[in-house]
Amino acid sequence: MEQHSRDFLQAAGAAIADSERARTREALGLLMPNQREQAIKDFGGNKEFDALRSEVKAIRQHALAHLGHYLESFSSAARENGSSVHFARNGDELNGIVLDICTRHEAQRIAKGKSMITEETGLNAALESAGFAVRETDLGEYIIQESGDTPSHIVAPALHKSPAEIRELFLERHDLGERDLADAPEMVAEARQVLREEFLAADVGIIGSNALIAENGYSMLVTNEGNGDLCANLPPVLIVCTSVDRVLPRAEDAMAMLRLLVRSTTGQAVSCYTSFYAGPRRPGDVDGPLETHFVLLDNHRSEILASDYAEMLQCIRCGACLNHCPVYMNAGGHAYGWVYPGPMGSVLTPLLTSLEESADLPDACTACGRCEEVCPASIPLPDLLRDLRRDKFTQGVTAKRWRFGIQIHAWLALHPRLYQRITSLAVNLMHRIGRSDGVIRKLPFAGGWLEARDLPTPAAKTFQQMHQESLQK
């Protein structure tokens, strides 16, 4: 997927100006947190849920701390099951491995389940450039593919599309004659009708994975549509594309993570489909692929694991941080300009690409702390974002005027009497400017800030001045 993170500010401005889609995001920002809260109550309350969070965090930290061991265990068990395991250092290598498998089998049509990793590597474009017909089968991803768009949410990729837009898209793209498509059930039924042929005709199925289980070589996939099972079981060749950090020691660890994942994602107690793939069809099996491949992507994750940002690899891709983030709800997913939006994307994107390409993302945060509060993996996202801002400054990525301003502020902070004198003068001046109506609407060097908001007029004196005066009385 081509990256446009450099355009975050402009894209965010355009998203805010689109009132219809802004209302959709606002509704999501009310609905999803409420569903999560209800799911936690049904689970037994915050105490029980937090205990599970602590358990899963410990599991993820342990697995990452011994990543090499568990990857080796998974690879050995998967091969014993009859699967092939491939490791890809970067996106080009993953795409090359998948292309080679498809070419060797003389495949023509490929059915794909939802996969963030293949979005990350741009696999669809690589396959289509090589002449393969690729069809996304998750309903949201199918809508995105048909419209030539990109996902706006890691769980609900077509969230930004209205029912009217989807209806017009289906009427245009599906040659099925005159019909109403009056409501969502009719549109879903039509998508199922169209996609059924894709499942039956596919030569290769490609899916993602929520967890790789080291003890038995199985892969776990969580879906609500069942398309993952059809991609995995109907074509003769199955390719599972995921990243190296998805590995967990035991099946019970995957189930513990599942209990967190679905409640944090959609507020369900359990997803409609939770599937475990053990490898190719065995003697006596009535269905399943004849050949199974696991392609495991690194793409800087080893570097992240060895850095101060290792906690980011604990992410289970639930989307809770997006659903609770005021910046995401206002800016929309497309503003982030790459695969991963929201708070998790503001950390992951600079780490997986570069700070230069995504310099505005670490600043796309109000420091409200809601993302950390709801993260099922207890990732300190605000801390990681602040650390990235520090890295921006030390690496010279921050604009020179901002670095100069920060340096001046730091110098003043080391000279408290001068700092107090300057701030008292500034406060007094601002008080004079805004005392007539209680707000400041114009101020030198603050045009961007005041363009969208009014600044309350400060008191005539600073707190320190008033405190000193009270001591003298």
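Guide: Let's start with strand 6 (residues 218-223), which is joined to strand 9 by five bridges, the two running antiparallel. Before going on, a word on the model: it is predicted, so to speak of local features takes a pLDDT of at least 70 and side-chain atom pairs count only at pLDDT 80 or more, while totals for chains, interfaces and linings use all residues. Residues are numbered from 1 along each chain as its sequence is written, and side-chain values use heavy atoms, with hydrogens and water left out. Helices (H or I, at least four residues) and strands (E, at least two) are DSSP runs, numbered from the N terminus.

Look along that pair and you'll find leucine 221 standing opposite serine 275 in strand 9. Zoom out, and they belong to an open sheet of four strands in the order 8-5-6-9, with mixed pairing (two strands pair if DSSP finds at least two bridges between them). The edges are strand 8 (247-248) and strand 9 (273-277), each pairing on one side only.

What packs on this sheet? Helix 12 (residues 251-265) does, touching strand 5 (211-213), strand 6, strand 8 and strand 9 (contact means heavy atoms within 4.5 Å). The direction of helix 12 makes about 15 degrees with that of strand 6 (axes are lines fitted to C-alpha atoms, for helices over the stretch in contact, and angles run from 0 to 180 degrees between N-to-C directions).

Helix 12 and strand 8 turn up again around helix 3: they are among the elements covering its buried residues, as are helix 2 (19-43) and helix 4. In helix 3, those buried residues are Phe49, Leu52, Arg53, Val56, Ile59, Arg60, Ala63 and Leu64 (buried means under 20% relative accessible area, exposed over 50%, partly exposed in between, with a 1.4 Å probe and protein chains only). They cover an arc of only 130 degrees around the axis, so they sit on the same side of helix 3 (the arc is that of the directions from the helix axis to the C-beta atoms). Turned away from that buried side are the exposed Lys47 and Ala65.

One last stop: asparagine 81, in the loop between helix 4 (67-80) and strand 1 (84-88). Asparagine 81 counts as buried because its relative accessibility is 19%. Among the residues it touches, not counting those up to four places away in sequence, are Asn216, Gly217 and Tyr218.
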